[in-house]
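Q: Please take a close look at one part of this structure and describe it in plain terms.

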Amino acid sequence: MEDKRQKLSLKRDVGLAGAVSLIGGTMIGSGIFMSPQTVLYTIGSPGASLVVWAACGLLVIMASFCYAELGTVIRESGGEYIYILRTSGPVLAFLLIFSSVFFVRPAGVAGIALSFAQYVVAPFYSDCAPPVVVVKCVAAAAIITLATVNCLNVRFSMSVQVFFMVAKVLTLAVIILGGVVMLVRGHNENFKDSFANTNVGINPIGIAFYQGLWSYDGWNNLNYVTEELKRPEVR
């Protein structure tokens with residue numbers, strides 16, 4: 001008897017713009033606006049902080065190349081879960097997804113949402129720190145709103161992602177342009193003896209790298225939706 005069962009498959013609705021915005025829009029998050037001050041404070045000097053940012057970027061680029069290769073070889077959604085499942089078995093894959101779902105991902109989402117909420121409510125409390133309850137409520141509302149948008153429709157959620165990515169890129173462009181203008185005007189005192197007071201030690205270097213890598217987080221998100229890409233072999 002002919003087996004008429006059909007394999008469940010996801011709709012391939014994510015195109016090139018959506019794929020780029022999924023990575024870029026996630027990487028350019030609240031971390032990039034908050035981590036630089038922590039990196040600079042921890043490492044102690046502008047020159048060393050630039051070295052940390054460059055090293056973190058190099059690590060992310062190399063890891064991205066590895067994930068791009070994995071995504072073309074194992075064309076299934078799930079990211080590192082599906083890779084560990086196919087290479088190391090279900091036990092290690094379960095441990096990964098258990099820790100990710102219950103600990104890693106919720107903590108990361110909460111941190112990003114709280115950072116977003118801090119920026120949103122800051123204009124309404126210019127003379128004092130915003131109440132913790134207000135910040136938490138705004139963060140919770142943001143999480144619920146984005147979860148609802150992602151559950152409604154893939155194309156609509158990709159449109160929202162593209163919109164926010166463009167907004168964040170423009171914001172970064174304004175910040176970069178302002179820095180270039182300051183350099184042109186001769187405000188380069190921070191580059192004179194830029195490695196002075198550098199904190200050389202395992203603890204400050206480790207914290208600086210942690211903050212830098214957290215800002216780059218999101219470079220692997222595309223591999224979670226491999227089966228929803230229109231042409232995954234060219235992404």
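How many residues line the second largest pocket, and which of them lie nearest its centre?

A: The model is predicted. In it, 25 residues line the second largest pocket. Those nearest the centre of this pocket are P36, L50, W53, I175 and I176. The volume of the pocket is about 920 Å³. Empty space of this kind is found by rolling a probe the size of a water molecule over the atoms.

Three helices each supply at least two residues of the lining: α2 (30-43), α3 (46-73) and α7 (154-184). The largest share comes from α7, which gives seven residues to the lining of the second largest pocket. By residue type, the lining of this pocket divides into 17 nonpolar residues, seven polar ones and one charged one.

Another part of the model is the pair formed by α4 and α5. Two packed helices are described by the angle between their axes and the distance between the axes. For helix α4 (residues 80-88) and helix α5 (residues 90-121), the axes come within 7 Å and cross at roughly 160 degrees. An angle over 145 degrees counts as roughly antiparallel, and α4 and α5 are therefore roughly antiparallel to each other. Their crossing is right-handed. On the α4 side, the contact is made by E80, Y81, I84, L85 and S88. On the α5 side, P90, L92, A93, F94, L96, I97 and R105 take part. The residues of this contact divide into nine nonpolar, one polar and two charged.

How values were computed
Residues are numbered from 1 along each chain as its sequence is written. This is a predicted model: local features need pLDDT of at least 70, side-chain atom pairs count only at pLDDT 80 or more; totals for chains, interfaces and linings use all residues. Side-chain values use heavy atoms; hydrogens and water are left out. Axes are lines fitted to C-alpha atoms, for helices over the stretch in contact, and angles run from 0 to 180 degrees between N-to-C directions. Helices (H or I, at least four residues) and strands (E, at least two) are DSSP runs, numbered from the N terminus. Angles under 35 degrees count as roughly parallel, over 145 as roughly antiparallel, 65 to 115 as roughly perpendicular and the rest as oblique. A crossing is left-handed if the near helix is turned anticlockwise from the far one by less than a right angle, and right-handed if clockwise. Contact means heavy atoms within 4.5 Å. Ala, Val, Leu, Ile, Met, Phe, Trp, Tyr, Cys and Pro count as nonpolar, Asp, Glu, Lys and Arg as charged, and the others, Gly among them, as polar. On a 1 Å grid over the protein atoms alone, a cavity is a set of points where a 1.4 Å probe fits but cannot get out, and a pocket is an open set with protein on both sides within 12 Å along at least five of seven lines; lining residues have an atom within 4 Å of a point. Grid points are joined across faces, edges and corners, and a volume is the space filled by probe spheres set on the points.
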